[in-house]
Structure formats: structure tokens, C-alpha cells
Amino acid sequence: MDTVESDRRVSPLKNFVAGGFGGICLLLAGHPLDTIKVRLQTQDCAVYKGTFDCFRKTVSKEGIFGLYKGMGAPLAGVTPMMALNFFGFGLGKELLQRDPTVPATYTQIYLAGMLAGVCTTVIVAPGERIKCLLQILPLAGRMKYTGPLDCAVRLYKQQGICSVYKGTILTLIRDVPSNGVYFLTYDYLKHYLTPDGECVHHLSTSRVLLAGGIAGMINWLIALPADVLKSNYQSATDGRYQGVRHVLRTLLKEEGAQGLYKGFSAVMLRAFPANAEEQVDLSNVPREYHDLKRVFSSPC
């Protein structure tokens, strides 16, 4: 029995590689809409009338590859980011669950998801900073950076590591609560969609995708205002904003509350398909979390 069970288990390394490959595929599919979102969020004047207008003008002026500007930074970080997200959620559940044989409560799942958001920020924040700067270069009218590595090096040389991590607080404000909501909503929907008398772990692929997609859309409804602030803050010239409160006050003064939801259409178009594929089998996280701990703590 133990032999059969061990044969069925997938090694943590394979999970890591498979998760990273899946993340890369999702990034390739979703980055164009992310570029449109960032440009809509950061435009100073009405350069674009909406999502389709931004798409049309970007492709017309820069070609199809214009939609993939700034993809190098998130591409380099997507695999470790997904691993940290997975690790943080597993750690959170381990810390919160006194009895691992008892299913986690929704509160525990939410808090564990928040911890996962904290863990991923170390990679997400600098990646977002570099990505946003590269995505808006055509709007600035000059090519200041030749690529993600050149951008990172220049930022570090000019103002040190703080410049590379500019916008970290806003990244935390965006990702910590929204990540908790994503895991909570996804787990709730999986159980809700499971027919009576059946196990949630045997849920059909279509229903799992539906749960992940809806959870992703709710996640972005909560994350979008902070994301708008983050995009503006990270892509702004030095000295334009004195901090998080200043960028919020400036945006509300110039555009009103609706300014916090710029790029809404692009975000929603991207949210369902992207997050449907990012679903995690939450019941397997504790077991695989322990596997990861053994792998990373074992001597070389």
C-alpha cells in the first residue's frame, strides 16, 4: 500500500518545474492585457479611450511585440514566485492548524493566503517596478532602458536597492488581502460546486477552472485600486510623489474615485482565464509543503 501511494506522489521538484512552466505559459497569454492595463492606469492625458483603443494603437505603432514590453522581469520571477506562494500558504496553514487532520476553517485559509501574499512580495515588487517602467516607455517618448536587466542595473546605480523595490508597500497592500480573498473564495467555491456525496478532490476540471476563474475576478476587484496606485507610483519620475498617501490624494483630486478603477475591463478580461489556470489543490498543500522543506533543508 505504501509503495503504491509513494508511486503516485509527485516529487516537489517536478511540482516546482511544472508550476513554473504553467506560470510561464500564463504569462505569455496574459501579458498583453497587463500591458494595456498599465498604460491605461498611468496615462497622463486621454491617449487611449479604452481597452480596445489601447490595443489598436499599441499594435499599430509598435507591432504585436509592443504588447509584450516589460515581460522579461516577471518571466524571470514567475517560477520562484509561484513556489513562494505555494510555500507561504502551506506555512500559514501549518502555523494556524493545531490539528492537521481537521479541515482548515475559512478564516485560517484567508490568513494563510495573506501570508502567501507577503512571501511573494520579495520577488513581485521589483519585478513590477521594472515591468511598469518598460511598459510605459513609448508613452514617455524616449527609450530610457534597453531591457529589464539594464533597467534594474540603472535603478540600482542611481538610488540603490530602495529604487529597485520602490512600491513595495503598495504591492503588499494590493497582494496581501487580495491573495487571502482568492484562496478563501476558491476553496469555498470548490466545496460549493462539489455534488452531494462526492469528494471535493474529485471535482471535475471544468468546475475547478470555474472556481479559480471566479476567485480570480473577485481577487482583482479588491486588488485593482491598490494596483492603480502602485502602477502610478512605480512608473512616476523621481520626486513626483512623496509617498503612498500623496499618490492617493493626487489621483483622487485629479480623477475622482473612478480613477482607482482604471484598466478595469483589461483586468477582468485577463482575470478569469489566468486565474482559472492558477488554481491550487489546497488539500495537498500541507503535504507538499513538508516535501519542499525536506528538499531545501537537505545537505547538498
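I take buried to mean under 20% relative accessible area, exposed over 50%, and partly exposed in between, with a 1.4 Å probe and protein chains only. The model is predicted, so I note that local features need pLDDT of at least 70 and side-chain atom pairs pLDDT 80 or more, while totals for chains, interfaces and linings use all residues. Residues are numbered from 1 along each chain as its sequence is written, and side-chain values use heavy atoms, without hydrogens and water.

Entry: Tyr186. I found Tyr186 in helix 9, residues 168–193; helices here are DSSP runs of H or I with at least four residues, strands are E runs of at least two, and both are numbered from the N terminus. Tyr186 counts as buried because its relative accessibility is 2%. I also looked up Gly212, which lies 26 residues from Tyr186 in sequence but 5.7 Å away in space, C-alpha to C-alpha.

Entry: whole protein. I listed 13 helices and zero strands. Of the 300 residues, 46% are buried.

Entry: cores. I use nonpolar core for a set of buried Ala, Val, Leu, Ile, Met, Phe, Trp, Tyr and Cys residues joined through side-chain atoms within 4.5 Å. The largest one has 15 residues, and those with the most contacts inside it include Leu170, Trp220 and Val247. Helix 10 (205–235), helix 11 (244–255) and helix 12 (264–276) each supply at least two of its residues, and helix 10 gives the most, six. Another core, of 14 residues, lies apart from it, with Phe89 and Val208 among them.
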